[in-house]
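User: I am new to this structure and would like to learn how to read its features one at a time. Could you take me through them, giving the general idea and then the case at hand?

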Amino acid sequence: MVKLIGKKKIKTAVFISGRGSNLKSLIKFSKKSKSPILVNLVVSDNKKAKGLRYAKQNSINFFIINYSNKNSAEKKIKNLIKINHINLICLAGFMRILSKKFIKSFKGNILNIHPSLLPKYKGLNTHKRVIENKEKYSGCTVHLVNSKIDSGKIILQKKIKILIKDNEKKLSNKILNLEHGLYPRAIKKLFSNY
Ligand code: GRF
């Protein structure tokens, strides 16, 4: 994991593909004096990602990466990471799977947020599957990224009870709200010595 030198904030890149509500919450968090991170790079694989507006509004460097060739896309990202001195990557709705090689080169320093109580419901359409299976609880998880999807070490989870009136949409909204608090808390926990 990243070693903190003095009290300098950890330079962080957030990777998005769409709406970017977690990016928004991470930027807000990173502006607090007690936050160990500073979001100073946003990477998107989608030029139409709505979340890019938060980078623009906050004058944060952002880059759109063409993913038609994964290898060269990752090379470009690696270069961005290097020239911007990034020490932490936060995936926030990034819809690409990073290669083993990429993850290895950044070992221990990539976080992801997933809208389920991992290790249950890895992958996509979590809320739909949770409702279909009549689960009593769901939630969200922040975890370290390893080479298996949604499988790295869990940093923090938030659990909620599913109500009878909850459908996929309602559950998804509720959990998304929880995610916005959970991601900053997980980062604080990870860097609790800060
Ligand atoms: C969130 O539900 C996150 O857990 C999942 O993708 C969604 C991204 O939402 N990985 P947003 O783009 O941050 O609004």
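This is a predicted model: local features need pLDDT of at least 70, side-chain atom pairs count only at pLDDT 80 or more; totals for chains, interfaces and linings use all residues.

User: How should I read the pairing of strand 5 with strand 4, and how many bridges join them?

Analyst: In reading a pairing, look for the direction of the two strands, the number of bridges and the residues that stand opposite one another. Strand 4 and strand 5 run parallel and are joined by three bridges, and within this pairing Ile89 stands opposite Ile110 of strand 5.

User: In which sense do strand 1 and strand 2 pair?

Analyst: Strand 1, which covers residues 10–16, pairs with strand 2 in the parallel sense, over seven bridges. Val14 has Val42 of strand 2 opposite to it. Strand 2 is also a case of burial, for seven of its eight residues are buried, and it is therefore largely enclosed by the rest of the structure.

User: Let us turn to charges. How many salt bridges are there, and where do the partners Arg96 and Asp45 lie?

Analyst: The general idea is that side chains of opposite charge can pair when their charged atoms come close. The cut-off used here is a side-chain nitrogen of Lys or Arg within 4 Å of a carboxyl oxygen of Asp or Glu, and by this rule there are four salt bridges. In one of them the side chains of Arg96 and Asp45 meet, with 2.7 Å from N to O. This pair links distant parts of the chain, 51 residues apart: Arg96 is in the loop between strand 4 (88–91) and helix 4 (100–105), whereas Asp45 is in the loop between strand 2 and helix 2. Asp45 counts as buried at 13% relative accessibility, while Arg96 is partly exposed at 33%.

User: Where do Glu132 and Lys128 lie, and how many residues apart are they?

Analyst: Both Glu132 and Lys128 lie in helix 5, residues 126–132, and they are four residues apart, about one turn of the helix. They form a salt bridge whose closest N and O atoms are 3.1 Å apart, and Lys128 is partly exposed, with a relative accessible area of 39%.

User: What does Asp166 form with Lys174?

Analyst: Asp166 and Lys174 form a salt bridge, their closest N and O atoms being 2.9 Å apart.

User: Finally, how do I read the backbone, and where is the place of Pro119?

Analyst: Most residues other than glycine have a negative phi, and most peptide bonds are trans. The peptide bond from Leu118 to Pro119, however, is cis, with omega near 10°, and Pro119 has its place in the loop between strand 5 and helix 5. Tyr121 lies in the loop between strand 5 and helix 5 and has a positive phi of about 60° although it is not a glycine; at 13% relative accessibility, Tyr121 counts as buried.

User: Where is Asp150 found, and is Asp150 buried or exposed?

Analyst: Asp150 is found in the loop between strand 6 (137–144) and strand 7 (154–161), and this residue is buried, with a relative accessible area of 11%. Although Asp150 is not a glycine, its phi is positive, at about 50°.

Technical notes
Residues are numbered from 1 along each chain as its sequence is written. Side-chain values use heavy atoms; hydrogens and water are left out. Buried means under 20% relative accessible area, exposed over 50%, partly exposed in between (1.4 Å probe, protein chains only). Two strands pair if DSSP finds at least two bridges between them.
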